[in-house]
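Thanks for coming. I will take a few minutes on one structure, so please look at it while I talk.

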Amino acid sequence: MDPTPSPTSRPGPAEGQWAEPIRAFHVADDGSGGDARSVEGRQLIGPLQGFGKLWQKTYRVRLEGATATPTEVIRAWKSDFGAFWPTSNRFHAPLAGITPGEVALISGKMPGGLTLSTGVYVIYSDDESFSYMNPEGHPWAGMITFSAEQRDGVTVAQVQLFIRAYDPLTEISMPMFGNRIEDRMWIHTLRAIAAHFGVVDAEVSKQIVLVDKKRQWRYFGNWRTSSALYAATRPFRRKAPVAAGSTADDS
Amino acid sequence: MNSGGIGLLVKLLVRAQRQKQRLLAYGLSDHYQRIFERTRLADAIAIHDDESTALEAARA
């Protein structure tokens, strides 16, 4: 038997780089420290399923003087994604790593000292980029892509968000503090990537484009499943009774 | 197609909606149909087998 598949039966180069379609998240608590309940049963949402204005935000850093190729940058980024985040945020990497179809649980500090728990779904990955989409409840509905490329002989690392606020509460918070938090997050991340490859005090550029100024009022009710609202009201909710042999820690 | 392609399609959809138009797709391979489903583009861009059924749906 010829072990070589025929060209027509061989999957195309893009095949396998996208995750399989899912509608709802199902995450086993793998002990990585994230709150699996924050995403369990939630639907995957894209830039069309959120409430707020649609933005394209692009953050870039040039790795001047570094010899790392785009592939090497993305390999390092994927292998230790959380290490490049600000310390106020935690990224609980999936055991299988950042590969299509994997879910990573995340937690982050909100104003007021509250902790927001949610997750991301690895929707796409190749040697020079990878993308996340989010579950319902995440402050953003959309897609975030991390990539690297050569420009004028210099490797450039980039974070591009294509997002709407998931719910009206997040939309209101954006001009107050949301935009500032987000800027800080991705500028920190790209500086950390640059520092990892020996580029100190790298300058991060930011480009913001308003793609759709219309709010999607049919998603106004998204506030009911907002992770931020869940975090804000957590201190006022009763703890669920603890069944024998199990835990119900809601803190 | 990568995430950049999804972004382009979403921008196209926004532009169409702004002009009170609908966006329909036809003739997509299984691979692209799955991408539309994965990214939930299929929620907003109806996929049809061929041009005639797409046009029929557009007229409906």
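Predicted model: local features only at pLDDT ≥ 70, side-chain atom pairs only at ≥ 80, totals over all residues.

Residues are numbered from 1 along each chain as its sequence is written, chains are lettered from A and ligands numbered from 1 in the order written, and side-chain values use heavy atoms, leaving out hydrogens and water.

A:Trp77 is also among the residues with the most contacts inside the largest nonpolar core, which has 37 residues. Such a core is a set of buried Ala, Val, Leu, Ile, Met, Phe, Trp, Tyr and Cys residues joined through side-chain atoms within 4.5 Å. Buried means under 20% relative accessible area, exposed over 50%, and partly exposed in between, with a 1.4 Å probe and protein chains only. Which element gives the largest share of this core? Helix 2 of chain A, with seven residues. A second, separate core of 28 residues includes A:Ile123, A:Val211, B:Ile6 and B:Leu13.

Now chain A as a whole. Chain A has three helices and nine strands; these are DSSP runs, helices (H or I) of at least four residues and strands (E) of at least two, numbered from the N terminus. Of its 251 residues, 48% count as buried.

Last, A:Phe220 sits in the loop between strand 9 (204-212) and helix 3 (227-233) of chain A. Its relative accessible area is 39%, so A:Phe220 is partly exposed.
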